[in-house]
Amino acid sequence: MTELSEFLLKRRSVVVRNMEEPGPSSEDLEKIMRAGMRVPDHGRLTPWRFIVIRGEAREKLGKILGDAFRKENPDCIDEQVKIEEERFVRAPSTIAIVSRTNPEHKIPEWEQILSSGAACQNMLTAALGMGFAAQWITEWYAYNDDVKTALGLESGDRIAGFLYLGSMTDAPSDRQRPEYEDIVSEWTEPAA
Ligand SMILES: Cc1cc2nc3c(=O)[nH]c(=O)nc-3n(C[C@H](O)[C@H](O)[C@H](O)COP(=O)(O)O)c2cc1C
């Protein structure tokens, strides 16, 4: 078995609460994003964009999250808003992965969306393989229009995920996985 397949059979994300400094350097980030660009992409439409959020930008974007949260939840308390403002400072850096499709194109939009999921997974795998802590999450703000506008998204863009990146404080233990037999079947003839 190759080293890569062994790695994939054991791979685990590292949750954002178990992240600390240092995060990936600029060079490391570029490597991770180049891995994200190297995904199957039917029709070569490049249906994804990556946005890096790090340093002071994390607090600036956090403020926008706080305001958006307050707007969505007018009865919320200040402590809740503070948690939202601090989302991005949980990790040294984050990559927002944007799905930018062309729904008019003959390549089905579904396939264009799938490619952005592949980009997320390639970057997650690359980052973990480089020894970084990494987690792919969306949380509520991936779906918030004010946050999307602040990130510079165009109309129709979707956030496929935020890839939080850092160093690991605690190694993850394994988690329950589905049973192979429940997932896998072999087709031999048409279903009745
Ligand atoms: C599109 C997508 C969105 C996700 N959003 C969240 C999220 O908002 N919060 C969360 O705790 N996990 C979220 N997850 C799950 C984590 O990425 C991950 O599955 C979990 O931490 C265990 O990962 P592992 O199986 O790679 O070890 C999301 C996963 C996907 C694919």
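User: What makes strand β4 stand out in the shell around the ligand?

Analyst: Strand β4 (residues 133-137) gives the most to that shell, with three residues, a strand being a DSSP run of E of at least two residues and a helix one of H or I of at least four, numbered from the N terminus. The model is predicted, with local features needing pLDDT of at least 70 and side-chain atom pairs pLDDT 80 or more, while totals for chains, interfaces and linings use all residues. Residues are numbered from 1 along each chain as its sequence is written.

User: Which residues are around the ligand, and how do they divide by class?

Analyst: They are Arg12, Ser13, Val15, Gln135, Trp136, Ile137, Thr138, Glu139 and Gly161, where the criterion is a C-beta atom, placed from the backbone, within 6 Å of the molecule. By class there are three nonpolar, four polar and two charged residues; Ala, Val, Leu, Ile, Met, Phe, Trp, Tyr, Cys and Pro count as nonpolar, Asp, Glu, Lys and Arg as charged, and the others, Gly among them, as polar.

User: Why is Glu139 called partly exposed, and what is its phi?

Analyst: Glu139 has 14 other C-beta atoms within 10 Å, whereas buried requires 20 or more and exposed 12 or fewer, with partly exposed in between and C-beta atoms placed from the backbone; Glu139 is therefore partly exposed. Its phi is near 50°, a positive value in a residue other than glycine, and Glu139 is placed in the loop between β4 and α6 (145-150).

User: Why is Arg44 called exposed?

Analyst: Arg44 has 7 other C-beta atoms within 10 Å, so the term exposed applies. Arg44 lies in the loop between α2 and β2 (48-54), and its phi, too, is positive, near 50°. Most residues other than glycine have a negative phi, and most peptide bonds are trans.

User: Where is the peptide bond with omega near -5°?

Analyst: That bond runs from Glu21 to Pro22 and is cis, with Pro22 in the loop between β1 (19-20) and α2 (26-37).

User: Why is α3 called oblique to α4?

Analyst: Helix α3 (residues 57-72) and helix α4 (residues 78-85) pack at about 140°, with their axes 7 Å apart. That angle makes α3 oblique to α4, because angles under 35 degrees count as roughly parallel, over 145 as roughly antiparallel, 65 to 115 as roughly perpendicular and the rest as oblique.

Definitions and conventions: Axes fitted to C-alpha atoms, helices over the stretch in contact; angles between N-to-C directions.
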